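Hi everyone, thanks for coming.

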Amino acid sequence: MLTGSKSTFKVRQMGPDIKERMLSQSGMNARSDVLGLPCLPGEVVLQRAVMVRKKLTAREGRGWLSGTLFCTRFRVAFVPQDAPKPDDNADPVLLGDHDVALASIEKVVVVGPNRTKLVTPNSSLKFTPEELVLYCRDLRVICFLFDRLTPDAQVLEITHTIAKTYQPLKPGSVSAFQNAALEMKQFLSNRQRDAHMNWHESAADWERELERCGATGWRVSSVNDRFEMSTSLPRYMAVPQKVLDTELKKIFAHFNDGRIPRWCWRHPRGSDLLRMASFQNNIYHEKDDIRNLEMILFGCHGSLCVVVELGDELPSPPDVQLAHGRLRALCLGDISTSVTVPDDKWLSTLEGTRWLDYTRSCLKKASEVACLLRGGHMTVALQEAEDRDMSCVVSSLVQVMCDPYCRSRHGFQSLLQKEWVTAGHRFYSRSNYHRDNDKEEAPIFLLFLDCVWQLWSQYPSRFQFTDDFLLALHDSAHLPLFSSFLANSQRERCRRTQNVGQCYTPVNGWREPHSPDGAAEPPDPPLPPVWDWSLQYSKRRQAGFTQPVPQTPAPRPLLNGNLNAETDARRASDATPGSVFLFSRGVFSCPANLLPWRGAAGISGVYRKSHRRAPSSESVPGLERLLSVRSLARAPSDPDRDPYRPLLPLLMGPCLGLWRECYHRGALHAQAFSHPLSAEHSHPLELLAREVRGLHRRLTAEGRPSRGADINRNAGNGTFLFSGPPPKAPASPAAAEETPKENANKHTFLFGRAADTRSGRSDSKTSDSDAS
């Protein structure tokens, strides 16, 4: 085993292959412990540094933790000195509580005497670092402090090793993290799936979902079993029973990328939620195709279909990427220039990022769709140009708002499998793990998690999972190890894990795939899904993912008054049966080009025997009246006990907050290293906190109340900034008579509730009884 500075310098002069071979022969890549580090199968330890201290976050208890720092081929591991000896028989964990994956690191910064430096793979250090700061892509900032007794050679070596290993040498190359995952093929392929969740990967899974939702009139179709109809849609999908597969194949060409209208979820009152891409306008629509198209749109309801356009109100992927980049720069600051936003401009800068505006837009649109579905007996079709970004967000939020099953841990995981993983969200392109496709990068999934957290923060007792679960899912999305996030569609996942025997072309039919070199490429090892939480978190951490849900009636939500899906029953006549309406920007309309075949067939009259469209926008009030009558007829006498009432969020400015546990967990560390101070000196924030604690001790020693009214009272108006201690009972009845009773409850508190006044009343009753 390598120790000391001389051996370290020998390793530095060798090449990377010789270095790994030397470390492997030394036993540092075995499953056994390396100074307390439990190595994974195939894991190679590249460098280590002893006598290192890690700064703990607020969730970890603050302070410093001493131990040893390791750098392997796919993680930076920290083993505390007092850590228990790992059990060789226990299942290995990819990332410990103090570890960070190399692929999650965005930048490496070192702090020396009166200077800071951004370390790159080609940079050279002319000073010995005293502190090492790792800025992660998931907004974490991990800080390590090197002790004076730590050998300088170990400090330099581990810094250079991390800087050269965490990032590929050129765009498009495979990172060392994924190379390490290939070596752990057998370990990762033997994982068992969670049997409590629905994976939506087989026909039986979809049958269970249809049965759970009570979606009669729909069936599971395998028309896309070999992905010849649409490469981005899953193998199986739910379609109306009245449409045969032979007729269904003719419909794919009428939509972008073949993403036809398909069933997502049924509301308990009978409405169905659909998703689809935009129509192809340059295709000739035959009479049979028109009939099948409208049978899919109306589903089991032949009276009403509402098409919700998502592209007009919701942000585009470039907008989301720009807002997230601004939010990241605001929370972490500029690492290279050490520039932070002043406190007096922080809130205005946060508003300028527009991240909260985009969150509000998604929640508002999902709330409108949830109110539409509550009307009952209609189909609501979410339409997006490509049906792979914002439709995933809105459809998932609607089900979280309306379905209690989706607010449980396993139900939420099943929801993400259905609406994101198998539905074809471009996780691989949007995450940009290889940093080679910046144009496609956009954290759409992280925006959705923020929206769910907003709902959780307003209705915490209605969710079975906690914010720790959302935070773990947020961090896992930045880890390129799970099959859930390493592909853009189900077809790509299948091609990477198994050889596709045949492919279908309209001219040649089924044929064997052609290989240029004559040999089929070997499939990649099956990587685990993100839902295998035991690979990342211990049982103690996983226990914090869930919480008990009390069986109490839901409180009546307060509407903002800006959800235009709520209708008025005093409108005009009923809508025409078989009508299709467009819902965009909170307004119902009947544009002539909503359905391309109807606009073209309106002259020739081809679709006369099909469903009729409302002739003009004059019948739109009839739709609102119809929705209102249905809603009032099904509403119970007590709306608070309505089990189908959605969780409508408050959308006013103060009601939406910043996810502090996610975005602010590394802010203090980032600010602490924005000033080039030496490790021997304290940061100004620490000095200020120390001064406040000293003043608190002095006030306590002098006998004054630490939270009393004397230091918080605003003279003249009896206002308290904080709730002080309860008033003391008078020593004698005479003193009680001298106390003016009319001024007992005149004080108001800006922060704090009336608990002190209740205790004051109880004390006064006790004194009265003693006096009597």
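So, in which helix is Gln417 found? Gln417 is found in helix H13; helices here are DSSP runs of H or I with at least four residues, strands are runs of E with at least two, and both are numbered from the N terminus.

Quick housekeeping: this is a predicted model, where local features need pLDDT of at least 70, side-chain atom pairs count only at pLDDT 80 or more, and totals for chains, interfaces and linings use all residues. Residues are numbered from 1 along each chain as its sequence is written, and side-chain values use heavy atoms, with hydrogens and water left out.

Okay, back to Gln417. It's buried, with a relative accessible area of 1%. Buried means under 20%, exposed means over 50%, and partly exposed is in between, using a 1.4 Å probe and protein chains only. Setting aside neighbours within four places in sequence, Gln417 has contacts including Trp199, His200, Ser484 and Trp531, where contact means heavy atoms within 4.5 Å.

Now, what about H13 and H16? H13 covers residues 409-421, H16 covers 467-476, and their axes come within 12 Å and cross at roughly 30 degrees. The axes are lines fitted to C-alpha atoms over the stretch in contact, with angles from 0 to 180 degrees between N-to-C directions. So the two helices, H13 and H16, are roughly parallel, a label for angles under 35 degrees. On the H13 side the contact is made by Arg409, Phe412, Gln413 and Leu416, and on the H16 side by Phe469, Leu470 and Leu473.

Next stop, Cys264, in strand S13, residues 262-266. Cys264 is buried too, with a relative accessible area of 4%. Beyond its neighbours within four places in sequence, Cys264 touches Lys418 and Glu419, among others. And Ala238, 26 residues away from Cys264 in sequence, sits 7.8 Å from it in space, C-alpha to C-alpha.

Last one: strand S19, residues 579-584. How many of its six residues are buried? Six of the six. Ser579, Phe581 and Phe583 cover one side, with Val580, Leu582 and Ser584 on the other, all buried. In general, side chains in a regular strand alternate between the two faces of the sheet.

And the partners? S19 pairs with S15, residues 304-309, in the parallel sense over five bridges; pairing takes at least two DSSP bridges. Cys305 has Val580 as its bridge partner in S19. With S20, residues 587-589, S19 pairs in the antiparallel sense over three bridges, and Leu582 stands opposite Ser589.

Technical notes:
Angles under 35 degrees count as roughly parallel, over 145 as roughly antiparallel, 65 to 115 as roughly perpendicular and the rest as oblique.
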